[in-house]
Each structure stands twice: as C-alpha cells, then as structure tokens.
Amino acid sequence: MFKIVKREEMSQGTVVLNEIEAPLIAKKAKPGQFVILKANETGERIPLTMAYTDPERGIIAVIYQVVGKSTALFKTLKVGEGYQDVIGPLGKPTHVEKLGKVVCVGGGTGVAVLHPITRGMKQAGNHVIAIIGARTKDLLILEDFMKSASHELHVCTDDGSYGRHGFVTHALKDILDKEKVDLVVAIGPVPMMKFVSKLTKEYNVHTMVSLNPIMVDGTGMCGGCRVSVGGKNQFACVDGPEFDGHQVDFDELMMRLQAYCEEEKMCHNEFCMLEESWHKK
Amino acid sequence: MSVETTAKEKKQKKSRVQMPEQEPQVRARNFFEVPTGYTPEMAKEEASRCLQCKNPGCVEGCPVGVDIPGFIKLIHEADFTKSIRHIWTMNSLPAVCGRVCPQESQCEGKCILGKKGEPVAIGNLERFAADWERANGTGALPPKAPATGKRVAVVGAGPAGLTVAGDLIQKGHDVTVFEAFHKPGGVLLYGIPEFRLPKEIVAQEVNFLERLGVKVECNSVVGRTVTLDELFEQGYQAIFLGVGAGLPKFMNIPGENLVGILSANEYLTRANLMKAYLFPKVDTPIPRGKDVVVLGGGNVAMDSARTALRLGADRVRLVYRRSREEMPARAAEAHHAEQEGIEFFLLTNPVRYLGNEKGRLVGMECIKMELGEPDASGRRRPIAVKGSEFKLDCDLCIVAVGTGANPLLTSSTPDLKLNKWGYIDTESASGKTMKKGVWAGGDIVTGSATVILAMGAGRIAANSMHAYLMRGW
C-alpha cells in the first residue's frame, strides 16, 4: 500500500490534495511527469500529473478534482490509509530552459500541475508571469504557491468574484499585446488550452500544453491516449503528456474524453447513492 | 506379425479422448473456460494411447523439452502427483502451457500416432496434471539447489520472465521479478481472456514460483522507476529482459481516432487485467459494442472477437485481408470463434472509418482483396480489387493487426543494441544482449510470437545466466 501522509480539501471540497509515500517515484520524478493511481482491488487506473515531490521525505503529491466514481473513491481515503497501487514516474518531463519571458496559464486543477513547471521556469532564470483562473473565487487553488513561484501573478474569475472579471485568455491577450513573450505554458481544462493556443497562434508565440486523455497502462501499450499532434498520432503517455499547443487537435481530444461518459455517470451515481446510504446508517 | 506391432495397431485404433466443452451457444455469452477438463478416468484412458516411443518426436517438438512420454506414463499409472512433479522439472507453467500452447504444430504435431490417426492429446494431459495438483495435490515443492548467494533481476512477469525466474530459483539463485503492471502475469493476464486461461490459474502459477522463493515487485516500470544500471548498483548480478512487444499497431487510415476504435491491447487489457466485463462491479469501463468489427486474423483477433460476443454484441465480424489459409490464428481458435457465431470477412481490408457528428464510430469502408505473389513472409500478398469498396456498419472496432517494439525500456538503456524494428539484438544460442550481464528473450527479441516460444527463450537465457553466475560472461 502507498500511504497517504497528508490530505487537504480545497475548492469547496471539490479538489483534494494527497501527499503519498512513494520513495522510489519521488526520487525519480521531474516536473511534468505523471503517476497512475489505483485505490483498491476493483479500482480503475487513473493518471494524475504530480503537483510536487519531496525526495527526502519520499513523498509525491497529487491534486485531483472529484469528477467521477474513481476520484470520489479517492476522496474517501483518509490519512493513514492509502492507494493499493501507484506507478511512475511516467511520461516525459517538462523541458525547462532559459528563454526570456514565460507566461504560465492555469485553470482549475491544472494549476496544480502548472505550479512545479512555473517554479522550474523561474529557477532557470526566466521572467515568469503567471495567470490562474477559476469559475468563482472559492474554486481557486494554490494562489499563494503560484505567487511565490512566479514574478507576477494575475488572477481571473469567470464571475468576477475575485481578481479580474473574465477568462484567463483575456489577461493573456493584454500581456501579449504589451510585451514580447517567448513561451506560453497552458495547463487546465481542454477548452481553456484550446483557446489559449488559438490566441497565441495569432501572436506566433510557442505554446506548450499538458494533456490528460483516457489511458490504461501509461507505458505505451494500449494506445488509448492517442492524440493528433500536427496530423500525426502521438501517445500522450510516452510521447507526452506535453505537446505543442498549436499542433494539437483539441476538438478530437474533447470527443475522445467523452468516450465513457455514459458509463462514468452510471458508475458515479451508483457510488454516490451507496455513500449516501452509508451515511444514513 | 509381432506382438509389438499388434499393440501399436491396437493403440492407434483407440480414438482420442475429447475434452468436454461448454456448448457454443452457452459459452458465447459467458466468461467461463470453454473446455472443462478431463476426469482422472479420461486422462488415464488418453494416456494409455501413448506408445512410449524410444526416440519421442514430441519432446523434440517442445520448445522447453518436457519429457512428455515420462509424464504421460505416470498419468497412465494414476500417479498424478509424480506426473506433475516430473513436468515441473522442465516447465514451471504447465497449467498455462496445457491450455495455450499450439500443440498441433509442436509436440502433438510430431506424435507418431498423428501420422495415421489422431495424436495423443498431450496438451490436455499436461493441463490435467496441473489442474489435478491444484485441486488435490500435496503442494509439496520440487527440490531446490543450495543457495548460491547470487542475485538475479527479471524484468517483466510474463511467460519468458516467469520461466527464467522458475529455472534460476530452482538452481539456488536469489530472484526478483519486476513488473510494470499492478499484477504479475504479463500477456497471460492482460492478453489471454478468462475463457481461454482463467486468471486464477495464472495467479496460482505465480504463487507456485513465490512459494519457491521468487520475489515479485509489481508497479515497477524498469526504465522509469529504476534503470538497469541502478539494478546492478543495487547488487543484482544478472538481468533478464522479458518485457514483451507491447506497442499496438494501428491501420493508419482516416478516422482512426473516432471514439469506438480500440487497439486489441487496450480492449483486452480492460477486459482481462481490469476485469471490465464485470463493470460496474469494478470501476474500469469497456465499450460494449452491438455491432463489432475486429481487424486481423491472429489469435489476438480471435480473442477480441470472442470477448466482444461475451460482452453482449449482437454481431461480431472479423475482417482479414488474406484468406483463411494464411490466417495466423491457431486452427482451434478460429474454429471455436466460428462455432460461437463470429462471421469471417476474408480478403477484405478497411479503407477508412466513418463517424457521426459526436466523433463516434458508425461504420467503415472496406475493399475486397485478391491474393498475388508471395511476399517476404512467404504468404501471398493481398492486392486491392479496384472498385470493390463497400460499407460495413459498426459501433465498435478492435484493431488486432499486431504489435511493435515498445521503446520505454530500450530507449532508457542506450547500450542495448536494437535491430531496425527496435527489438533487442541477442546472441540466439544464449539470449545474451550486447550489454554485459543482461539477457533478453520473448517478444521484445522476436516480435509477437507465442507463450511457449517466449518460455523457450527464457529457458535458453536461464541456462546461460546460470553459467555466467557460476563461471563468468
């Protein structure tokens, strides 16, 4: 078992942080890489990009949004309990180098994945501007982390309840209009990454996105995570998870992410009903 | 006429004892094993057909050299306990081999009785001995050589790796198997369906090795979690790589990323390793197509098609570009599939997939093929017949057209020498790679082959590893 040593709820309980004991993975993991977690014997293999690691303590951290049965099951795991299986580190690490000015754009739980990359970009000597966004103030995560990881932080909320009223793309556009940017890193919901990439293409600024398609093994064996990048098939698990945002077919990715939506709904509803009946008891 | 000839003729006249099977209509809708096994009486009866040849062809035909007449004689004498122990000396996975080996082209293909009639059912008897031990046996382990103090790492808990582990633990070495998945078994677990090889049997065979002292480390992606050089630093003195082929091939035709098109690797891994056929009792889903097309003509294609049927498909069609004769699947597998109602669309090749506005598969366009001159594989090359395009409706397509070399491990180990297809170059007589202290075998060397050939490669490597550990490279 891979023990949970720290657990925190954020975003009104819709987002959960787990620090997990996994010394071998912690020793090897680099920003941008992911692990696959499986809660128990009947559990599903869920890929999550690591938010941070601490090799000395032998821990890795993941931050996930509760969206379906498997993440709802993860949420029930308490400190001292753990995951039956954790596999990694998988995928290629982020290529971090000194480029000049880098804008890191994060939405939703994507901010968790963006955070170590932002920090890395800053440490590599870049001037780093961060933009993070959420639907509403209470759903924002890791604002303080992002503030310290960057030189300049812009916060946006869709409903205007905090920071700038509007989408991250609005804030990004203002920056692109004002100054020369060498790289944009965008990590968040697929539509966000799509529109950021669309925008930066107009400005001809290289853009890196991190994808999280459906996968099973995470080692290049199943091909379930294939994405069209520049018209060619790539496996997100071994060729990614990061790709050139200007080359990714986001519409196809969104459709592929819907592959099991019916099954997910059924499974999740059943689980929630069970949970409820336990609580009633 | 001598007495001996009479005896021989008598044995030839006895017909082969058929193993009982579930009825096709019944089994096509469940995941239980298709053949249900011999009773002890049936096994003794079948064993009595063996001529106990002095120079047995069957043993020559076995990639791991099991003393076939020897174990069959013990079954005939009803000494099942001794029989299985006799098999174990040459084969650590008899319950698996008895089920999935292509006996017709190996041991049984060389059986003298097969020249005039039916060969001895060697596979069925091997399966019987292993199953009998599992159900009724003492569990007593075979003898083990005294500990040598040498440490061996085996990468990949599939048929090749498990064979190496079984051989080397019996020779007294300290063996650890590293497996990337969360459970050991490799293709026996994720690839071969429950109805051909119950997963409980795989678990038992692995458990047998663990009882012998083999350590199994799951969730270890060698190349990522730990590298080969780090394993050497940790004190392993010899490493065997049996990581399998494991890179799915696709058709590379338009529309292949529509929802509803899966590699056989993904489909079977969901069904077998993740047990998605029990969804929603387990959390991993699997698409349940009503109208399913499987592309390919090998055993994996047959397994996929039969799985789709068991998952509730109304219709399953197998599209293969050559004719029945060139089909690489075992005759028995193709026969089982047809019995269950799988339709074969031979000399047919898909041209493009058709989808709806939601990006879901609704059909495919195919073209008829005819056979031309033989190609490099010796099989006649299929050529498209112009103007013969037609449409097939389907809501699920499983692509089972083979696998390539998975570069995950090899790309992180630059000093391994690879061939142009990305498979590991080895010295065939020993399984030695170009990296000192490292051997390889199975699909990562040969490309997709069979369980028993991987086991044969494991045997060769294990012998060479043992020699190295005791005497040097």
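**Cavities in the model**

The lining of the largest cavity is made up of 9 nonpolar residues, 4 polar and 1 charged.

Biologist: How many cavities of 30 Å³ or more are there?
Modeller: Keep in mind that this is a predicted model. Rolling a probe the size of a water molecule over the atoms shows where empty space is left. With a cut-off of 30 Å³, the count comes to 2 cavities.

Biologist: How much space lies in the largest cavity, and which residues are closest to its centre?
Modeller: The space in the largest cavity comes to about 110 Å³. Its lining has 14 residues, and the closest to the centre are B:Cys62, B:Ile68, B:Cys101, B:Cys107 and B:Glu126.

Biologist: Which element gives the largest share of that lining?
Modeller: Two elements of chain B give two or more residues each to the lining of the largest cavity: helix 5 (68–76) and helix 8 (122–136). The largest share is 3 residues, and it comes from helix 8 of chain B.

Biologist: Moving on, which strand gives the most to the lining of the second largest cavity?
Modeller: That cavity has a volume of about 40 Å³. Its lining includes A:Phe34, A:Pro47, A:Leu48, A:Thr49 and A:Leu211. The top contributor, with 3 residues, is chain A's strand 4 (residues 46–54).

Notes. Residues are numbered from 1 along each chain as its sequence is written. Chains are lettered from A and ligands numbered from 1 in the order in which they are written. This is a predicted model: local features need pLDDT of at least 70, side-chain atom pairs count only at pLDDT 80 or more; totals for chains, interfaces and linings use all residues. Side-chain values use heavy atoms; hydrogens and water are left out. On a 1 Å grid over the protein atoms alone, a cavity is a set of points where a 1.4 Å probe fits but cannot get out, and a pocket is an open set with protein on both sides within 12 Å along at least five of seven lines; lining residues have an atom within 4 Å of a point. Grid points are joined across faces, edges and corners, and a volume is the space filled by probe spheres set on the points. Helices (H or I, at least four residues) and strands (E, at least two) are DSSP runs, numbered from the N terminus. Ala, Val, Leu, Ile, Met, Phe, Trp, Tyr, Cys and Pro count as nonpolar, Asp, Glu, Lys and Arg as charged, and the others, Gly among them, as polar.
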